[in-house]
Amino acid sequence: MASQGIIFDIKKYAIHDGPGIRTTIFFKGCPMDCWWCHNPESQEKELKPFINLLKTSSVNNCDNDGEPIGRIVSVKETMKEIKKDLVFYEESEGGVSFSGGEPLMQKDFLNELLICCKKNGLHTTLDTAGCVSKEIILQIAPNVDLFLYDLKLIDDKKHQKYTGISNKEILENLLLLSDLKYNIVIRIPVIPTINDSLVDIADFGKFIQKLNIIRIDLLPYHTIGEEKYKRLKKVNRMKEIIPPSKERIEEIKKQLESFDLNVSIEV
Ligand code: SF4
């Protein structure tokens, strides 16, 4: 069992990562390369020098031209941090969320944390794109109270173009979790010209209609992550893309609702 993992942030008093007030642990490492990723510093698992925009108190592997993003932490110290806010979780019916990056990339570390949270009676949420094997999903799922399951595109060719990988495993794992009646909220980032056409939205509607889910959350694309690309010296492939208007998001919500789905807009 891994008793250590690499994270890049811990967010306290989070209110958008599940019910109530939560602590969110952001894991480093992601097998995808989404064009619109707001956390490009999370994608590589290694600790890497970088001018730190997230103000993490990183201490490991600092090299020359910046602080590293990410730090190695143990299960014990992460749980100690989580337990500092027990009173807030109790009063708000909140808990602990695991996000990233892709937390499932560090499945043993994640599983240990999930088990510790459940032993302490804490509600757990996993924000994931589900891009791992079925075996890993089945190992982790019993200790997850709520999945925030990210869906980027249904069309596999487009998915490969804009995220770098096929969505076959992602869709299969989602179907599996739905069949097993786990609690699922689907999150769709709405990215103009990439996944917001009438056909794209109809594809989402038709696929999700078959599932047992609580609701869909629409996450309108925004440009907050732009500066990070400059600092990381990464190419920003989203330069020409403008965030969607409120009107367009409302239209997409209505189109999805026409499939008899419960849809919310994240602000
Ligand atoms: S799955 Fe999330 S963390 Fe990974 S590249 Fe895509 S947006 Fe970024």
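The model is predicted, so local features are described at a pLDDT of at least 70, side-chain atom pairs count only at pLDDT 80 or more, and totals for chains, interfaces and linings use all residues. Residues are numbered from 1 along each chain as its sequence is written, and side-chain values use heavy atoms, with hydrogens and water left out.

Let us start with confidence. The pLDDT is the predictor's confidence in each residue, from 0 to 100. Here the protein averages 92, and 93% of the residues score at least 70. Over residues 54–64, however, the pLDDT is below 50. That stretch still has 25 contacts in the model beyond near neighbours in sequence, where contact means heavy atoms within 4.5 Å. Where pLDDT is low, the predicted coordinates should not be read in detail.

Now look for the rings. A pair of aromatic rings is described by the distance of the centres and the angle of the planes. Rings of Phe, Tyr and Trp (its six-membered ring) pair if their centres lie within 6.5 Å; planes under 30 degrees apart count as stacked, over 60 as edge-to-face and the rest as tilted. Searching the whole structure gives six aromatic pairs. One of them joins F8 and F26, a tilted pair with 5.6 Å from centre to centre and 45° between the planes. This pair links distant parts of the chain, 18 residues apart: F8 lies in strand β1 (residues 4–14) and F26 in strand β2 (residues 22–27). Helices (H or I, at least four residues) and strands (E, at least two) are DSSP runs, numbered from the N terminus.

A further tilted pair is formed by F27 and F109, with ring centres 5.3 Å apart and planes at 45°. Buried means under 20% relative accessible area, exposed over 50%, and partly exposed in between (1.4 Å probe, protein chains only). Together with F98, F27 and F109 form one aromatic cluster.

F98 also leads us to the largest nonpolar core, which has 65 residues; F98, L151, I186, I208, I216 and L218 have the most contacts inside it. Such a core is a set of buried Ala, Val, Leu, Ile, Met, Phe, Trp, Tyr and Cys residues joined through side-chain atoms within 4.5 Å.

Next comes strand β9 (residues 184–190). Why is β9 described as largely enclosed by the rest of the structure? Because seven of its seven residues are buried. Strand β8 (residues 146–150) pairs with β9 in the parallel sense over four bridges, and strand β10 (residues 215–220) runs parallel to β9, joined to it by six bridges. Two strands pair if DSSP finds at least two bridges between them. V185 of β9 stands opposite L148 and also opposite R215 in β10.

Finally, visit two loops. G100 and G101 are joined by a cis peptide bond, with omega about 15°, and G101 sits in the loop between β6 (95–99) and α3. E93 has a positive phi of about 55° although it is not a glycine. E93 belongs to the loop between α2 (86–92) and β6, and E93 is exposed, with a relative accessible area of 65%.
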